[in-house]
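Student: I am new to this structure. Please show me how to read its features, one at a time.

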Amino acid sequence: MDDKKLLIVEDEVSIAELEKDYLELSGFTVDIENDGTEGLNRALSEDYDLIILDIMLPGTDGFEICRRVREVKNTPILMVTAKKEDIDKIRGLGLGADDYITKPFSPSELVARVKAHLSRYERLTGAEKNANDIIEIRGIKIDKTARRVWVNGVEKAFTTKEFDLLTFLAEHPNRVFTKEELFREIWDMDSIGDIATVTVHIKKIREKIEYNTAKPQYIETIWGVGYRFKI
Ligand code: CA
C-alpha cells in the first residue's frame, strides 16, 4: 500500500507511538494527535486515507469526532476502545464508524485491520468512479448521468430546472450564491423570467429534500444574500 496517510487520535502517548511504529513499518505515513479537539480539526482539514480513533479523549471524545467527520467525509474510521459498553454504543448510535478494535490488541492485528479497510474503501470508491457521476451529501444522492435523486434512499422526482439547480448547489457546497447568479447559471440569459423563479424552485426542491422546510438542513437561506448548500 503506497502513499497512504493515516491519522491516529490517541491521548496515551506510548500507545500512539507504538501504533505509529508498526504502521510505518508497513509503509504508511502516520500523524498523531493526542487531544480530541486537535484531532477533529486535523481530520477535517487534512485528507487522510483512514483514521484510528480512541474514544476517551481530552477535548472532544471519539464518538463526537466520528459523528462530525462523517457529516463531511467518508474516510474509513477504526474506533479503539477499552470498554465493553462502548462497543454497544458504537453499534447502536449509527455513528458511521467502519470498525472497532478493543484494547489491548496486538499491533499486527491493528495493521491487518487497517489494510483490510483500506482495500475495501479502495474497491468501493474505485467502483463508484467507474459508475455514473454520483454526488452524495449526507442523505442525498444525485446521479448526474441518469438525472435521478434519492433522499434517504427514496427516489424523488425533479423537474429539469429543479434538478439543475439542486445539482449546481450540491456541486458547490458551502458557497453562497445570489438569486441573480443562480438565475444566470440555470436559466438562459435571454429567458423570460426573473429571480423570483429561483425562489419558487428552491421552495419546491426543499419540499422534496428537507425533513422540515421551515428549518432547512441542506439548502440554507442567507438573508439578504442568497442560498447555499450546506455540508
Ligand atoms: Ca484514551
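Student: Is Ser 14 buried or exposed?

Tutor: Start with the scale: buried means under 20% relative accessible area, exposed over 50%, and partly exposed lies in between (1.4 Å probe, protein chains only). Ser 14 has 58% relative accessibility, so Ser 14 counts as exposed. Ser 14 is found in helix H1. Helices (H or I, at least four residues) and strands (E, at least two) are DSSP runs, numbered from the N terminus.

Student: What should I know about the model itself?

Tutor: This is a predicted model: local features need pLDDT of at least 70, side-chain atom pairs count only at pLDDT 80 or more, and totals for chains, interfaces and linings use all residues. Residues are numbered from 1 along each chain as its sequence is written, and side-chain values use heavy atoms, with hydrogens and water left out.

Student: Which residues are the protein donors of the calcium ion?

Tutor: Donors are N, O and S atoms within 2.8 Å of the metal (3.2 Å for Na, K and Ca); water is not among the atoms, so sites may look incomplete. Here they are Asp 11 (OD), Asp 54 (OD) and Met 56 (O), lying 2.1 to 2.3 Å from the ion. Their spacing in sequence is D-x42-D-x1-M. Asp 11 and Asp 54 link distant parts of the chain, 43 residues apart. Asp 11 sits in the loop between strand S1 (5-9) and helix H1 (13-25), and Asp 54 in strand S3 (residues 50-54).

Student: Where is Ala 82?

Tutor: Ala 82 is in the loop between strand S4 (77-81) and helix H4 (84-93). Its relative accessible area is 59%, so Ala 82 is exposed. Ala 82 and Phe 105 are 23 residues apart in sequence, and 9.8 Å apart in space, C-alpha to C-alpha.

Student: Which residues have the most contacts inside the largest nonpolar core?

Tutor: A nonpolar core is a set of buried Ala, Val, Leu, Ile, Met, Phe, Trp, Tyr and Cys residues joined through side-chain atoms within 4.5 Å. The largest one has 26 residues, and those with the most contacts inside it are Leu 166, Ile 209, Ile 219 and Phe 229. Helix H6 gives the most to this core, with six residues.

Student: What does Ile 219 touch?

Tutor: Contact means heavy atoms within 4.5 Å. Leaving out residues up to four places away in sequence, Ile 219 touches several residues, including Leu 166, Ile 209 and Phe 229.
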